[in-house]
Every structure is written in C-alpha cells, then in structure tokens.
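Some words used for protein structures rest on cut-offs.

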Amino acid sequence: MTRRALLALAVVLLSLPVLGGAPPAAGQDEQPAVSLSLADRSAWAGDGEPLTLDVAVDGDVGDTTVRVRVHRALQNVTELTDSLDGDEGTVVFASDPVPTAELPELDDGTRRVEVRAEDLGDPGVHPVVVEIREPNGTVIDVIRTPAVRLGTDDDPLAAPTLTLLVDVAAEPSVQPDGRRALGESELARAERLAALLEDPTLPATMLAVPDTIDALTASDDPRAQALLDALAPAGANRRAVRMPYVATSARSLTQAAIGTALGRSFDAGTPVLTDRFGTAPDPTIWPDDDVGRAAGELLSTLGVRHLLLDSTATTRADPPTAPLQPLGPRPIPSEIAGGLSGIQVDGPTSHRLLDPAPDRTDAAHLTVAELLLRDRGQASAVAVRVDDVPADSRLSTALDLLTADDAPVALAPLDLPAVDDTAPLGSPVPEDEPDLTPIADEYRAAADALDMLEGVVGADTPGTIDLELQLVTALATDLTLDERRALLDAVETAARTGVGSIEITGQTDLNLTSRSGSLPVGVANGNDFPIRVMIRISSDRLRFPEGEELLVEAEPGVTRIDIPVEALATGSVPVFVQLRTPDGTALLDDRQLNVRSTAFSGVGLALGLGALVVLGAWWFRSWRRHRNEPADPEEPADGPSGSSVPDS
C-alpha cells in the first residue's frame, strides 16, 4: 500500500466518530420512540366544515410536534396509489408545527387534528400527510390518507352515482315430488345479502327470481326469513325487475320454437314479486345480454325494452384504473338483440367493490376516492351488480359513506333516460336538475283527475285553467318537495270534488201510459260551471228512437233531460241509465229506473182485434145455421120426444 493510500485510510478512520455522532453522556436519557396511527376521521370536508383526523399517539409525546401537509388534487388512481407510498406530489398547504401535547384530547385518549376546507384547495381528492417530529425536526412517524373536499354551490364536486343491482337467485327449488330444497350455501348467502339490505335507506334494484322467493318463504330457517324481511322493508326505496319464475334463456326458448313459454313463466312469477315488493315489477328490463334477433323481438312483445350488458369479462386491474362505465342506456345492433337497447353494468367496479377491504381505518374513504378519480369529473350514473357481499368487502365497509345525505358518491335507484344516439355517454348531469321522483305518482294521479274533469267541463273553463297552471307549476325547478305536494294535492282534490259533484237524480219509479212518450232523467251539476256528459240508456223492452247514447249539456243545478221512448210490452220494465264522460270512457254515475207500461203495443192490439173478429165470425155462423134448420114432424109440439101428456 502506498504512503498516500495509508494516509487516506487514517483520515477516514479518524473521522468515523465524528460522522456517527458522540454517544450520549452518562445520565442523559434517549429520546423515547413515539408512533402515530389513524383511529378515526370525518368523511369529507364540506363548505366551511373542516376535515377531522383522530390520531392515536403511542409513547411519551415529550416535546414532539405535529405538522399537517395537504397536496394538490389527484388526477387518477395511479396518483392515489403513489401518494399512499410516499409520492404525494405538490404541497398546497403546510401547517405550522403544533406541540403534540397541545392537540385536543378526546375521551378515548386520541388527539384531534383539523384541516380547514379552504386549506384543502380545489374540490376533489387530496393527499393529506400528518407527521410527528422530534424537537430538531426529524420525522418520527407519518400518517397518509386521502381527503375529499366537496366544494361549494358555485364550485361543486362532480361525482358519480351508483345503482345497485342485487341478484337474489338460487338453484331451482321445486323437486319432482313437489317439495322445495334450499341448500346450506344458499342460506349462508341469504344471510350475507340480508346484512347488506337491512338498512331501509339503501336504494336497490332487485333481480329476484320468484322461485327463490317462494323457496325462502317455504323455509323455516331464520336466515331465509331475515332476507325476506330485508328485501322490501316498509318505506324502503326498492324496485323489482320482472323475472321469469325460474332463470330462463330467451334465446334457447326461441331456438326451440317454444317462445310462448316465456310469457307463461312471467305470468307465474309476477304475482310472487308483486306480493313481496308491494308493487308490480318493472317489465322493461331483461337481466341478460345473450338473446339474438328472434329472442329480442319476442321480449319486445312482452314489454322488455332494455338488456343488461354485463362487462364482467373485461380485464381487471388491481386497482382498476379505467374510467367508470356509464349505465346508458345505449343502442345495440338489432341483429344482437332485436332492436332493444342496453344498460351497461360496470363489471370491473362490481368486482372491485366485492374485493376485501384493505386493513386500514380509512378503507371506506379509499374506496370513495377511487370512484371519484375513475369518474374523472363526469358525474356518471353507474350500474353495479352483486350476487353476494362478504362482510369484509369494500362495498360493505363503505356503505355508511355511500348512504350519507351529503355523500359525493351516492347510491340511487335505477332511473333510465331515453336512448339518445347523439349524446356522448358519461356526459355530466346538470347540477340544478330537480329530482321529481318523489312526486311522480302524485303528479300522475292529479293529472288523471284533471283530465277527467276537463273531459266534462272543457279545457278552457276558468276553473280548469287555474288547476292546469297549478299542475305544471308543481314541476318548477326551485320548489321544495312540500310545495310541490301542496300544489298537486290541491289539483287532485279540486278535480275529484268537481267530478264527484255530477250525478243522476230524480224519480226511479215512472209510468208510461201510452205506446210512445218520454222518460225524465235529472242530471245534478254541483259545480259553478256547465258540463257536457253522455247519457247511456238501455232496456230490452223499450226502444229509444233517438239512440241509446245522448250528449247533453247541464248548467249548474239540476237539469231535466226528457228521453223519447217507445214501449214494446206492458208491465214493469227495468231501464238502466249511466252518466259518462263525453267520450264514454269514464263512468260518473249510474242508476236503474223502474218503468210501468200500461199501453198496448201495436202487435198486442192487432192480435186482440184479430181474436175478436174470429170469435164474432164463429158466433154469427153458428147462429145462422141454427136458424135455418127445419123442425122435426114426428116430434110432439108440446113435449119432448118419447114423452106423453095424459088427457084430463
């Protein structure tokens, strides 16, 4: 070794104690180890609402400090994954160090860290880092979590909505001997589905096979009853799709030329679903996409309009990075489905939500963050289909967040717009679009009642014009739900009261003393305006020269209508009178009249006169024959033949 090399080695050896630092002096304590862990957190930061992070601090906090960093909004799921591994990106906010001991301590011993919404920056998903440091600034431990800022009314966060399609389907339960069988695995799955659906605020569209519902009903296992109770609890926002009684292939039925069997299967299953869910199932959706032209045309005749296009075969990524797939509906070629449209089920998202949740306190928030980033600000409507939900799945873990009132990613019922070939899928939903679903039934009821009233009084009557304005005003954008319902209730009440104020009145027992005459029918109009109605009258022993249907106008009060009539027989004759709308479609009132006819009909009179003529001719001929017969010469003049009168 050269002299120069030896000199260099000596310098290095002499410098080692300096590089490594001097050992602690006698009596000086070492800095205790302190660690942080996330115990709980708020869901997201809203307008003016802070993000709260509850952290557990293990060890002696001493003179340690806590500092918070917020990074710019993430653009995709890859950036989210990188941020959890330490690559958080640009810092948009950094707090001053705060002594750990000065953080608010909660009852459970955790300490609270708050981040103001304005410190998070733009609406979106932001990486947030909480550090605990030594007095000299050395970082001891770190917590990394995604934080969602909801935004404001002027700058909202565009977020997707999820429609949950739940399969309730088991193997066919009916056995050749008529008994039903439901296996242990099916009962275990029923228990898991019941746990998912037990929250009545959870909206869901149910793909329930009627045979499975019957099998659950017949079972005495408490797990079966638990699922039945959870399917449609009182007040739940649940819908059922019309299903054949057992899972059936429409393509196979048409290929075997027995397509009519599908209608019979629908007929068997529909009452089961109606009884369970309290309303008729939706007939417009078929839960399959492999149908072909012939089956598509068959389904069209049965009321089906949409197929479920399940993309479960799509290549999966972990985590998925592809954009969410909007449910549509979207047009599909007629050779594939006979002209039906398709509802896209997002297969990758369905799989991802059923995967086990990561073992993190913020697992639910990670799931929400992934969905927001994959939506890319499109405010998409996405269909997610599940047939089993493990208790530790991402969906189960995130369910409380997804059903929250202010959730950015929320669950909603299936509500399909019309198929539009020109509108790009995934276009944003207008933020000011009113939700009229809660008053849809009330609107239809009010409109139907008003249509009936307009049919008898006319659409240009001042009273109906006012009601028409109330009806359309109920759909205005800026009204509250209570204001909408108040308007609709007023329309329906007034319309039904108006229609109910129209009835038949007058005597029910009438006499007809001549062959032709008229029957009086009274029309009572309790409204303040005239009406037009149809009187329909019928009898098998009276004839009505002007027809059995008469359009009449009735002023307020009672209007007498004299209906011309001709008697075909004598005696008591029943007459049936109906009061209908002018088009004859709706019945307003009806009544039976009893008419007593005392007049001879033309036929009866002719027959009677003929009988008298015949009787008179017979009598006259008998009288003449008796008068012209000569007397018998051998007959005694004073007595009958064979008798004698003795002489006196």
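Two strands pair if DSSP finds at least two bridges between them. The model discussed here is predicted.

Q: What is the order of the strands in the open sheet of four strands?
A: The order is S18-S20-S24-S22, and the pairing is antiparallel.

Q: Why do strand S18 and strand S22 stand at the edges?
A: Strand S18 (502–505) and strand S22 (542–543) each have a single partner strand, so one side of each has no neighbour in the sheet.

Q: How do you know that S22 and S24 pair?
A: Pairing needs at least two bridges. Two bridges join S22 to strand S24 (residues 557–567), and the two run antiparallel. Arg-543 has Glu-566 in S24 as its bridge partner.

Q: Why is Arg-385 called buried?
A: Buried means under 20% relative accessible area. Arg-385 has 18% relative accessibility, so Arg-385 counts as buried. Arg-385 belongs to strand S16 (residues 381–386).

Q: What makes the link between the side chains of Arg-385 and Asp-167 a polar contact?
A: The cut-off for a pair of N or O atoms is within 3.5 Å. The polar contact joining these side chains is 2.7 Å.

Q: Why are H10 and H11 called roughly antiparallel?
A: Angles over 145 degrees count as roughly antiparallel. Helix H10 (residues 347–354) and helix H11 (residues 363–375) pack at about 170°, with axes 12 Å apart. H10 and H11 are therefore roughly antiparallel. The residues of their contact divide into three nonpolar, two polar and three charged.

Definitions and conventions
Residues are numbered from 1 along each chain as its sequence is written. This is a predicted model: local features need pLDDT of at least 70, side-chain atom pairs count only at pLDDT 80 or more; totals for chains, interfaces and linings use all residues. Side-chain values use heavy atoms; hydrogens and water are left out. Buried means under 20% relative accessible area, exposed over 50%, partly exposed in between (1.4 Å probe, protein chains only). A polar contact is a pair of N or O atoms within 3.5 Å; within protein, one must be able to donate a hydrogen and the other to accept it, and residues adjacent in sequence count only if both atoms are side-chain atoms. Axes are lines fitted to C-alpha atoms, for helices over the stretch in contact, and angles run from 0 to 180 degrees between N-to-C directions. Angles under 35 degrees count as roughly parallel, over 145 as roughly antiparallel, 65 to 115 as roughly perpendicular and the rest as oblique. Ala, Val, Leu, Ile, Met, Phe, Trp, Tyr, Cys and Pro count as nonpolar, Asp, Glu, Lys and Arg as charged, and the others, Gly among them, as polar.
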